[in-house]
Amino acid sequence: MLLEASGLHVAYGDVRAVNGVSFALEEGELVSIIGANGAGKTSILNGIMGIVPLREGQIRFQGEDLTPLPAYRRARAGIRIVPERARVFPRLSVYENLMTGVYGLKNKIDLPRRLDWLYGLFPILKERNRQPAATLSGGEQQQLAIARALVSDPKLLIVDEVSMGLMPKLVDQVFDLLARLNREQGLSILLVEQNAMASLAISRRAYVLETGVCVHSGPAAELMEDPKVKAVYLGH
Amino acid sequence: MDAYLITIGTLIVIYAITVYGLNVIVGYAGQISLGHAAFFGIGAYASALLTTKAGLSFWEALPIVILLSGLIGIVLGLPSLRLREDFLAITTIGINFIVEALFLYVPYFGGALGIGGIPRVFLFGIKLKGMAFFLLCLSFLALVIFICWWFTRSWGGVACFALREEESAAASVGISPVRFKLLAFVIGTMMAGLGGALYAHYMRFISATDFSFPMSITFLSMIVLGGMGTLWGPLLGAVLLGILPELFRPIVDYRILFYTALLLVMIRFQPAGLLGEGSIVRKWLILKPAGGRP
Ligand SMILES: Nc1ncnc2c1ncn2[C@@H]1O[C@H](COP(=O)(O)OP(=O)(O)OP(=O)(O)O)[C@@H](O)[C@H]1O
Ligand SMILES: [Mg+2]
């Protein structure tokens with residue numbers, strides 16, 4: 001198992017956002033978490049990254065217990081997140097934003113090649129290289145957030161509602177990219193997406209979340225056929 | 001040059017050195033500090049004591065003074081790692097009052113009388129006075145500006161900016177908040193220590209009130225006016241606020257009132273400072289945006 005989360009609890013003061021959720025992700029898998037607004041998806045992802053503290057539970061990554069480690073140490077273990085609402089560094093240039101992604105890794109990866117590859121995927125980032133990230137449009141900031149996460153060649157990519165603010169054509173492109181990265185390069189991806197249909201379509205397995213509790217889980221193809229899941233999340 | 005001008009110029013340069021340090025902490029790393037005068041004072045007292053009581057020369061004392069300032073900076077910077085912004089503001093004010101009180105009440109520090117008879121600085125056997133001392137300070141300022149420039153272009157600088165803007169996103173790419181906040185505190189307080197040492201050997205007599213809370217407000221006003229986080233803002237701020245009281249003698253008594261009003265006006269109308277992005281001065285000069293370099 002690449003990632004094993006067991007009995008996660010996340011709370012903000014009195015608000016209990018996640019109540020004992022467990023899941024796992026094998027190396028090379030693309031796994032989705034779906035659920036309504038406020039179900040606790042972002043809380044789980046941030047809990048794994050270490051951005052919000054866990055009340056209870058354990059996170060193992062490549063067999064190592066990450067639970068006591070702060071976010072920056074988890075990042076160094078090879079986890080990267082494309083956070084909800086991009087969270088690019090507004091006053092840093094596009095290029096500098098990308099450079100933060102390889103902080104501490106500059107000599108360990110083939111940076112020029114990775115940059116070329118990313119500029120090929122997102123040409124706008126090359127065009128706007130010197131511009132402060134704040135001046136990018138919302139969709140462009142999403143692309144920058146994806147590139148910032150990918151430039152380091154992570155072992156696990158966590159993606160939180162990447163389609164937010166992207167135009168439909170780009171949503172398709174990004175989903176296509178994630179599916180391809182997973183298939184061709186064996187990148188492990190944990191995906192949260194508002195558009196449950198689209199995310200199930202590219203996932204191997206999925207977990208269905210309801211007010212902080214996991215209510216279904218299984219192969220994505222099966223969940224797509226499940227009448228209950230269909231009724232609630234897929235709009236049929 | 002006129003001795004009066006040299007006097008004002010020297011003080012402005014010393015303040016500028018100190019304020020560049022504050023800019024690293026507040027402007028680069030985004031950690032509010034309302035107690036910078038404490039570190040200015042620690043540098044001044046350390047150098048004064050080492051040269052009067054321990055018999056060292058300015059140059060022998062200086063490395064110790066700078067290291068000591070940085071060390072104390074780490075210790076007092078630790079709260080910044082745990083505290084929210086508003087608490088950090090209060091804590092740094094508290095640090096300023098405590099340090100001032102220590103200077104004032106510990107007999108070893110000279111008490112209310114302060115420390116006098118601080119020797120002048122010698123260089124190659126020449127006593128540096130007037131213009132010569134001004135040039136010495138100017139050289140140190142150039143060094144400090146160079147370090148700041150280099151820092152903004154280094155990984156450390158980029159890491160600090162990233163933390164300032166989106167701390168959790170920065171941590172999520174592997175940037176340690178602890179390490180870089182403390183780094184900013186160390187660099188910033190070392191610069192304040194250097195400024196303080198120059199101040200002590202220039203005034204040749206120091207006392208606790210030179211380093212009280214209003215001085216911290218003055219320092220903060222300088223970077224807010226000039227442009228927080230910019231390369232030349234601290235210098236502009238130090239020059240403007242250094243000259244202003246000389247031009248308008250009557251405001252000297254109301255300095256703090258004036259600075260506070262200035263802070264409020266700047267934050268309301270020119271939050272980025274005179275040299276910051278989108279500021280009037282930048283528009284006048286039609287400078288290109290700093291390309292993300294704040
Ligand atoms: N910082 C916070 N303080 C207080 N409550 C919070 C905070 N963040 C999230 N919550 C609450 O926790 C619950 C779960 O939020 P979370 O953001 O994890 O949901 P989500 O599944 O990601 O929703 P969405 O699909 O809208 O992004 C919600 O009820 C939310 O109001
Ligand atoms: Mg969410």
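Me: How do the residues of the shell around ligand 1 divide into nonpolar, polar and charged?

Reply: The model is a predicted one. In the shell around ligand 1, four residues are nonpolar, six are polar and one is charged. The shell consists of Tyr12(A), Val15(A), Ala17(A), Gly35(A), Asn37(A), Gly38(A), Ala39(A), Gly40(A), Lys41(A), Thr42(A) and Ser43(A). Lys counts as charged and Gly as polar.

Me: Which elements of chain A each supply at least two residues of that shell around ligand 1?

Reply: They are strand S2 (15-25) and helix H1 (41-49) of chain A. The largest share, three residues, comes from H1(A).

Me: What share of the residues of chain A count as buried, and what makes a residue buried?

Reply: A residue is buried if 20 or more other C-beta atoms lie within 10 Å of its own. Of the 236 residues of chain A, 48% count as buried. As for contacts in chain A with a separation of 6 or more, 67% are between residues 24 or more positions apart.

Me: How many residues of chain B are in contact with chain A?

Reply: Contact requires C-beta atoms within 7 Å. By this criterion, 20 residues of chain B are in contact with 24 residues of chain A. On the chain B side, helix H7 (155-165) and helix H8 (167-171) give two or more residues, and H7(B) gives the most, with six. This side has twelve nonpolar, six polar and two charged residues.

Me: Why is H1(B) called roughly perpendicular to H10(B)?

Reply: The axes of helix H1 (residues 3-28) and helix H10 (residues 213-226) of chain B come within 9 Å and cross at roughly 75°. Angles of 65 to 115 degrees count as roughly perpendicular, and therefore H1(B) is roughly perpendicular to H10(B). Among the residues that make the contact are Tyr15(B) and Leu22(B) of H1(B) and Phe219(B) and Ile223(B) of H10(B). By class, the contact has eight nonpolar, three polar and no charged residues.

Methods: Residues are numbered from 1 along each chain as its sequence is written. Chains are lettered from A and ligands numbered from 1 in the order in which they are written. This is a predicted model: local features need pLDDT of at least 70, side-chain atom pairs count only at pLDDT 80 or more; totals for chains, interfaces and linings use all residues. A residue is near a molecule or strand if its C-beta atom, placed from the backbone, lies within 6 Å of it. Helices (H or I, at least four residues) and strands (E, at least two) are DSSP runs, numbered from the N terminus. A residue is buried if 20 or more other C-beta atoms lie within 10 Å of its own, exposed if 12 or fewer, and partly exposed in between; C-beta atoms are placed from the backbone. Two residues are in contact if their C-beta atoms, placed from the backbone, lie within 7 Å. Axes are lines fitted to C-alpha atoms, for helices over the stretch in contact, and angles run from 0 to 180 degrees between N-to-C directions. Angles under 35 degrees count as roughly parallel, over 145 as roughly antiparallel, 65 to 115 as roughly perpendicular and the rest as oblique.
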